Amino acid sequence: MTPRAILPGATLGVMGGGQLGRMFVQAAQSMGYFTAVLDPDVTSPAGLVAHYHIEADYLDEQGLAQLMQRSAAITTEFENVPAGALVTLGAHRPVAPTADAVAVCQDRASEKAQFRRSGIPCAPFALIDTPERLAAVPDSLLPGILKTARLGYDGKGQAVVADRAALAAAWYALGQVPCVLEQKLPLALELSVVVARSAGGDVVQLPVQQNLHRGGILAVTQVPAPDASAALQAQAAASAAQLATDLHYVGVLCVEFFVTTDGQLVANEMAPRPHNSGHWSIDGADISQFDLQVRTLCGLPLVAPRQHSSAVMLNLLGDLWFGADGAERTPPWGAVLALPGTHLHLYGKASARRGRKMGHLTVTAATADTARATALQAAALLGLPAF
Ligand code: ADP
Ligand code: MG
């Protein structure tokens with residue numbers, strides 16, 4: 001609990017120096033906070049723009065001590081921060097989200113247990129952590145998706161498995177670490193909801209986001225969600241708020257959902273932090289998901305964000321930095337920025353690699369049709385597929 005508000009002029013700490021940390025730092029700085037980032041990478045996107053960059057490993061005691069000494073309150077920007085580090089920090093400073101909440105989201109099995117406790121449907125699944133449990137998997141889960149219980153992201157640590165032989169091979173290939181096998185669901189849509197909860201229990205959220213993934217990585221987010229009924233959207237929003245409340249969550253939480261071809265809403269996973277699918281809110285809403293992170297961390301009033309523009313976000317992966325011949329190139333920013341309502345966000349990463357998130361482009365417009373039409377033009381200029 002934050003006993004009283006931490007006001008601008010104080011220093012806010014972040015565990016992790018990726019792009020989410022960078023956008024948190026930018027939001028905090030624009031409100032007059034100082035910022036400190038702990039990340040071992042000298043060139044981390046958030047470290048580059050923070051007032052203080054502590055270049056240390058997440059479990060380095062001296063590094064954690066420095067972060068505590070600098071910071072009035074501490075947040076995290078990625079869910080794989082060791083829970084032990086958050087426990088250490090939380091003993092001395094307000095930390096939001098808490099180590100407990102982050103721990104639930106760090107493990108797919110505990111995440112699904114939370115969905116069950118909150119009465120929210122998820123894909124049929126089995127935990128596989130021993131050869132016996134592998135052998136006992138019911139046929140009904142195949143074809144399925146095998147996912148490492150921990151440390152997976154952007155489709156990494158996952159394998160689509162058609163039958164038992166493929167399942168066994170995939171589990172051994174993943175090093176026999178604890179995994180969940182989920183039934184492969186026929187998806188009509190993917191949605192997500194960003195929710196923020198204060199220490200006092202106030203909950204606000206961003207509108208429901210519709211997401212398109214390519215190769216397991218988010219490619220496009222559209223808000224408002226063009227293909228989800230009002231009833232589905234209301235259900236997704238209520239489920240996300242329920243989870244935040246049940247977790248006694250403080251901070252920004254994102255819940256990913258599937259909509260199956262028979263119209264069922266199914267929870268997929270949670271992220272204890274702002275989410276790639278919420279980036280549009282920087283340009284399309286009056287309070288962004290990063291502003292919400294600052295407000296919840298500092299105990300500032302939580303007011304409902306208002307979407308003022310229709311928005312389409314395109315993720316910019318490192319692939320765009322390579323031409324058809326494989327040679328490095330600079331994407332055609334000039335042509336893209338000549339389109340109305342385009343907002344370019346690049347994360348300051350030193351080198352482009354295929355599949356690496358280098359930035360995103362948000363297109364805002366007065367109507368969803370215009371935002372989409374302009375985003376399709378931008379996608380064509382960048383060499384991205386239509387959606
Ligand atoms: P990550 O942590 O990499 O985001 P997810 O569990 O969200 O992992 O899976 C990435 C993507 O893979 C999803 O957004 C979805 O497109 C697809 N996917 C994951 N699980 C299933 C499933 N059970 N059925 C069908 N598609 C799935
Ligand atoms: Mg996901």
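In what order do the four strands of the open sheet sit?

## The sheet

The order is 5-8-6-7, and the pairing is antiparallel. Strands here are DSSP runs (E, at least two residues), as helices are (H or I, at least four), numbered from the N terminus, and two strands pair if DSSP finds at least two bridges between them. At the edges you'll find strand 5 (125–128) and strand 7 (158–161), each pairing on one side only. From one strand to the next, the twist averages 20°.

This is a predicted model, where local features need pLDDT of at least 70 and side-chain atom pairs count only at pLDDT 80 or more. Residues are numbered from 1 along each chain as its sequence is written, and ligands from 1 in the order in which they are written.

## Zooming in on one pair

Strand 6 (residues 144–148) joins strand 7 through four antiparallel bridges. Look for Lys147: its bridge partner in strand 7 is Gln158.

Helix 8 (residues 164–173) packs on this sheet and touches strands 5, 6, 7 and 8, with its direction at about 165° to that of strand 7. Contact means heavy atoms within 4.5 Å; angles run from 0 to 180 degrees between N-to-C directions, using axes fitted to C-alpha atoms (for helices, over the stretch in contact).

## The magnesium ion

Now for ligand 2, a magnesium ion: its protein donors are Glu256 (OE), Glu256 (OE) and Glu269 (OE), 2.0 to 2.7 Å away. Glu256 sits in strand 13 (residues 251–260) and Glu269 in strand 14 (residues 265–271), so the pair ties together parts 13 residues apart in sequence. Donors are N, O and S atoms within 2.8 Å of the metal (3.2 Å for Na, K and Ca), and with water not among the atoms, sites may look incomplete.

Key
Heavy atoms only, no water.
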